[in-house]
Amino acid sequence: MHLLNADLHSHSNVSDGTLAPETLAERARANGVEIWALTDHDELSGQRRARDAALALGMGYLCGTEISVTFAGETVHILGLGVDPDNAALQAGLAVTRAGRRQRAREMADGLATVGITGAFEGALRYVSNPDLISRTHFARFLVDSGVCSDTHSVFRRYLTQGHPGYVVHRWAGLGDAVRWIRGAGGMAVIAHPARYRFTPTEEYALFTEFIAHGGRGVEVMTGSHSHTEQLKYADTALEFGLFASRGSDFHSPTESRVELGSLPDLPGKLRPVWDVLQDRIHRPGPATDRTQSQASA
Ligand code: AMP
Ligand code: MN
Ligand code: MN
Ligand code: MN
């Protein structure tokens, strides 16, 4: 049986990836992706470019975003898949979520200065394509290129995570708000990479039950962030909670990402894929002669 190659989680330079949406589309297509979603952090401004590029290459496309949420004191990421990027309430919610990033970045730089790393704010900004979206990843790239650490993972471990000098406590969107914005824009809310959160079993149970109570319907099972054991664990979680399952590489860059676009193992057969219920949200390429028309009406 042919299982669809869907990659529903990736980042462009509109957030903290390094490639332009069009370049990512080409890379996804070259790797055999059949349905792709660009899911920039707290942003929708790359959606039109990503969709047009995907359709021109003959690839299906779901509009997406990855919303930063604070739940039980931890940052949780909620994917919105199949959203309408022109939805005003979603756009407004994301604008508010992005708004604190610049001030947070200044505080991160102040923290790094206390351990002798100066000029980090200006340094990180040199790696930013979208001035609205400065993230820890941009600091990590600056610290690698300036020789402080050898790779981005060690920057996070030594400087940018809780208890380290460049870490700043930040309040992101509420879980219920994020799920509401996504649903209001016609999309499906999906818990991204659940194994990454440092929750107790009780807190994790609360995340899933509250997420479902707000109308969330999916969980990422196959992701670049999960080990094989974690894939199996969250496949069971999806079944236990009756959630649809998603698959996405979380690709950010050719040199930093562990998993290439479109190259994760398939979802276990017992799971219901999110794309089964998002069929009417998928933008599909028309026959070659109709492409201009299908884009215009999409
Ligand atoms: P921010 O939204 O500014 O907090 O940045 C979060 C981003 O940092 C994530 O989306 C990842 O791209 C990246 N990130 C988080 N933890 C790590 C890590 N341990 N190693 C490499 N990148 C990380
Ligand atoms: Mn990221
Ligand atoms: Mn994430
Ligand atoms: Mn991501």
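Let's start with His9, which sits in the loop between strand 1 and helix 1; helices (H or I, at least four residues) and strands (E, at least two) are DSSP runs, numbered from the N terminus. This is a predicted model, where local features need pLDDT of at least 70 and side-chain atom pairs count only at pLDDT 80 or more, while totals for chains, interfaces and linings use all residues. Residues are numbered from 1 along each chain as its sequence is written, chains are lettered from A and ligands numbered from 1 in written order, and side-chain values use heavy atoms, leaving out hydrogens and water.

**Around the metal**

His9 counts as buried because its relative accessibility is 0%; buried means under 20% relative accessible area, exposed over 50%, and partly exposed in between (1.4 Å probe, protein chains only). Its side chain makes a polar contact of 3.0 Å with that of Glu66. A polar contact is a pair of N or O atoms within 3.5 Å; within protein, one must be able to donate a hydrogen and the other to accept it, and residues adjacent in sequence count only if both atoms are side-chain atoms.

Both residues also hold on to a metal: the protein donors of the manganese ion (ligand 4) are His9 (NE2), His11 (NE2), Glu66 (OE) and Asp250 (OD), 2.1 to 2.2 Å from it. Donors here are N, O and S atoms within 2.8 Å of the metal (3.2 Å for Na, K and Ca), and since water is not among the atoms, sites may look incomplete. The manganese ion (ligand 2) is 4.6 Å from the manganese ion (ligand 4).

| Residue | Relative accessibility | Class |
|---|---|---|
| His9 | 0% | buried |
| His11 | 0% | buried |
| Glu66 | 0% | buried |

**Two domains**

The domain assignment, automatic or from a database, gives domain 1 (6-97 + 171-295) and domain 2 (101-158). Their C-alpha centres lie 26 Å apart. Where they meet, 15 residues of domain 1 are in contact (heavy atoms within 4.5 Å) with 12 residues of domain 2.

Together the domains bury about 960 Å², 43% of it on carbon and sulfur atoms; buried area is the accessible area (1.4 Å probe) that two parts lose on being put together, summed over both. On the domain 1 side, Asp16, Trp172 and Glu256 lose the most area, together 47% of what that side buries.
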